[in-house]
Amino acid sequence: MFPLRVPIFAVLVSLTVGQYDDYDYQPASQYGPSSANCAQECECPINFPTAMYCDSRNLKFVPIVPSGIKYLYLQNNLIEEIKAGVFDNVTAELRWLVLDHNQITNDKVAKGTIDKLTGLHKILFSFNKLTEAVIPPSKSLDELKMMNNQLSKFPAGSLAGMQNLTSVHLENNELTSKALNGVFKGLNKLVAIDLTNNKLKKLPSGMPSSLETFYGDHNDISSIAAGDLKELPKLAYLRLAYNQMTDAGIPAGVFNVTSLIELDLSYNKLQSIPEINEQLEHLYLQVNEINKFNLENICKFSGPLNYSRLKHLRLDGNNITHADLPHDSSNCLRQASDIIFD
């Protein structure tokens, strides 16, 4: 078991009404009869007239959306195409667009559709067949989810000026560090980025100083640049498990930053415990090649006020055992409730 492996994104970007998969959702049947102002393929409950429910209906196209609709649910269909004109009545008023679990490709997204939605707050476009990110020109956008596509391209400058954007989920795609360099620059409210299971070889450049959570598990990252984390003074949760990092790729002190609470470097190729800050609370180093317990990298020195705040430390799956724990470690690790070797 992984101690305190809290799904941080669920905390940072949770929505407000109720959860259904990745978004707030109440089935249309809970709201009673449908309004007349609705596409015939869908339901628009009288008690929630700004929502149009078109989900799970085997649709192959997006129906024309009538004026007044702010929340559009199109998930779990067979949609392959978004035709020109379907959003013409709601270009400024549509707030949520949910397109998860369909069959949409970039060449079937007509011009004058998503690129005209200037009022969107959330676009959920996961589990489709996109190879390039499709970004609406909305300065109100606060959540972007395009997980589980085939993304290898992200249009340069497509997020520029989106000062309300707080979370970006792009996991399970084919994005490289080069494709994302500078994409997040200047997004001063962005707190969470998830790039798990892509093709990164290093951290994307230009990530904003507001960032609190970065997930980069299951990539090809082999090194961290000396200044990468200094540019992220609020970064608290950094997960880089299942990468290719070695001691040579980690500059001295690169993880010794006061903001970090959780650091996951498990399933890499490290041979020593990296230098960390005394404020770090959770350190995951299991399944590396560590052969020595480097206490000096956890505590430079110990005293009444100088000690590590580590609560959980995982070292199982390495080349050390509990017998390798230095005899003077108890003062440094006085708050550790869980140190796992086996």
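This is a predicted model: local features need pLDDT of at least 70, side-chain atom pairs count only at pLDDT 80 or more; totals for chains, interfaces and linings use all residues.
Counting them up gives nine salt bridges.

Take aspartate 88 and lysine 116. These two pair up in a salt bridge, with 3.5 Å between the closest N and O atoms. Aspartate 88 sits in the loop between strand S2 (71-73) and strand S3 (96-98), while lysine 116 sits in the loop between S3 and strand S4 (122-124), so the bridge ties together parts that are 28 residues apart in sequence.

Next come glutamate 143 and lysine 122, whose side chains meet in a salt bridge at 3.4 Å, N to O. Here the partners are in strands: glutamate 143 belongs to strand S5 (residues 143-145) and lysine 122 to strand S4, so this pair links parts that are 21 residues apart in sequence.

Lysine 300 and glutamate 275 make another salt bridge, at 3.6 Å from N to O. Lysine 300 lies in the loop between strand S11 (282-284) and strand S12 (312-314), and glutamate 275 in the loop between strand S10 (262-264) and S11, so parts that are 25 residues apart in sequence get tied together. Lysine 300 counts as exposed, because its relative accessibility is 55%. Finally, some salt bridges share partners: Lys122, Asp142, Glu143 and Lys145 are joined this way into one network.

Definitions and conventions
Residues are numbered from 1 along each chain as its sequence is written. Side-chain values use heavy atoms; hydrogens and water are left out. A salt bridge is a side-chain nitrogen of Lys or Arg within 4 Å of a carboxyl oxygen of Asp or Glu. Helices (H or I, at least four residues) and strands (E, at least two) are DSSP runs, numbered from the N terminus. Buried means under 20% relative accessible area, exposed over 50%, partly exposed in between (1.4 Å probe, protein chains only).
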